[in-house]
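Please examine the structure shown below and follow the explanation with the model in view.

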Amino acid sequence: MGRFDGVLLASDFDNTLIYTEEALRTGKPVPPLSERNRAALERFMAGGGRFAVATGRALAAFRKYAPLVPMNAPGIVCNGAALYDFAREEYLETATLDASARERGQVVLEHFPEVAVEAYHIDNVIHAVHPNEYTRQHERITQVMVTEAPSLPEVPLPLGKLLFESDHETLERVRTFLEEQGWSGDYELIFSGKTLLEMTVRGANKGGMIRRLADRLSISMDHVYCVGDEANDISMLTAAARGFAPDNCVDAVRACGATIVSHARESALADVVEILEGIYR
C-alpha cells in the first residue's frame, strides 16, 4: 500500500496551481506547470494519492491545459457545475441552469447595459452577450474565443453557468439586484475574480462537487485536501479536512481559515504535498 492510498487532493487552476494573473494582464501565454509542482504531484500520485483539478473554467477553457497537468482523478469544471473524466473524455455529473436563468440573466443585461455575460454551454461552447473589454481579456487568458449571441434567451441549453463581466463595483450592484428580485436563492453567486461574477444553480459549487467526487472514489472527507485562492474556492476549502491557499489569495480565503503556503509563482502545490508527506508518513 502507498502512503497516500485513500487520500484526495484537489486544486484550483488559475493563480493556485499555475500563476496566470500576469498572462491575463499582458496577453502573454500561460506559463507551464513548474517542475517543482510537477515532481511533487507525481510523488503524491505514485504514493497512491488521487489528484484532481477543480476549476471555475468551462471545459472548453481548460481542455487544452489538461494534458499539461498530471492528474489521476476526474476534474471539477464550471465552478462545480460539472464533473468531467479527462481519461474517458466524458461528463460524469452535471448541474445545469434552466431556461429561467437565461431570462433572468437577460433582465440583468437590460438593467446594466455595460455588463457582459458569458454563457457556458455544457457541449464545449462559450457564448457571449454584450461582450466588453473584460470578455476580451478573459478570452486572452483562456485562449478560447466566445461565440457571440444577440441575447441570452437565444443561447442554447444546457448551460453550466453564467459569468457576468464588468468592474467590481458594478458586479456588486448586479449581485444586489439579483437578491432584490428574489432570485438569489435559486443560484450560487460567487466572485471568481474582481471582474467575474459566477452564477450556477444552487448547490453547484466546488465544495458540493468535491464531496461527490470523494464519494465516487470511496474516499472519506477526513482525507480530502483542497487548495485555492479565490472566493469561489472557499466552499471546497471549508469542506476539506484541511484547506490550503497560496500567499496571493484574497482576504476572504485567508479569513476562512485556510493554511497559507507560498505564492503560486513559487510552487504552492509543492508546499502542500510536502505538508501531506509529513502527515502521511
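Asp14 and Arg57 form a salt bridge in which the closest N and O atoms are 2.8 Å apart; the term denotes a side-chain nitrogen of Lys or Arg within 4 Å of a carboxyl oxygen of Asp or Glu. Asp14 belongs to the loop between β1 (8–11) and α1 (21–26), and Arg57 to the loop between β2 (50–53) and α3 (59–62), so the pair ties together parts that are 43 residues apart in sequence. Helices (H or I, at least four residues) and strands (E, at least two) are DSSP runs, numbered from the N terminus. Asp14 is buried, with a relative accessible area of 17%, and Arg57 is buried as well, at 6%. Here buried means under 20% relative accessible area, exposed means over 50%, and partly exposed lies in between (1.4 Å probe, protein chains only).

The model is predicted, so local features need pLDDT of at least 70 and side-chain atom pairs count only at pLDDT 80 or more, whereas totals for chains, interfaces and linings use all residues. Residues are numbered from 1 along each chain as its sequence is written, and side-chain values use heavy atoms, with hydrogens and water left out.

How many salt bridges does the rule give? The count comes to 19. One of them joins the side chains of Glu277 and Arg43, at 2.8 Å from N to O. This pair links distant parts of the chain, since Glu277 is in helix α10 (residues 268–279) and Arg43 is in helix α2 (residues 35–46), 234 residues apart. Glu277 is buried, with a relative accessible area of 16%, while Arg43 counts as partly exposed at 37%.

Arg88 pairs with Glu90, and their closest N and O atoms are 2.5 Å apart. Arg88 counts as exposed at 55% relative accessibility, and Glu90 is partly exposed at 29%. Two strands pair if DSSP finds at least two bridges between them. Within this pairing, Ala82 stands opposite Thr94 in β5. The two strands form a hairpin with four residues between them, and Glu89 in the turn has a positive phi of about 55°.

Leu59 is found in helix α3 and is buried, with a relative accessible area of 3%. Leaving aside neighbours within four places in sequence, Leu59 is in contact with Val77, Tyr84, Phe86, Tyr91 and Asn124, where contact means heavy atoms within 4.5 Å. The C-alpha atoms of Leu59 and Val77 are separated by 6.1 Å, although the two residues are 18 places apart along the chain.

The next topic is the packing of two helices. Two packed helices are described by the angle between their axes and the distance between the axes. Helix α4 (residues 99–111) packs against helix α6 (residues 168–180) at an angle of about 130°, with the axes 11 Å apart. Axes are lines fitted to C-alpha atoms, for helices over the stretch in contact, and angles run from 0 to 180 degrees between N-to-C directions. The helices α4 and α6 are therefore oblique to each other; angles under 35 degrees count as roughly parallel, over 145 as roughly antiparallel, 65 to 115 as roughly perpendicular and the rest as oblique. Where they pack, Val107, Val108 and His111 in α4 meet Val174, Phe177 and Leu178 in α6.

Finally, some backbone angles deserve attention. Most residues other than glycine have a negative phi, and most peptide bonds are trans. Asn15 has a positive phi near 65°; Asn15 lies in the loop between β1 and α1 and counts as buried at 11% relative accessibility. His130, which is not a glycine either, has a positive phi of about 55°. His130 is found in the loop between β7 (125–129) and α5 (133–142) and is partly exposed at 33%. Which residues does a cis peptide bond join? Leu157 and Pro158 are joined in this way, with omega about 0°. Pro158 has its place in the loop between β8 (147–148) and β9 (159–165).
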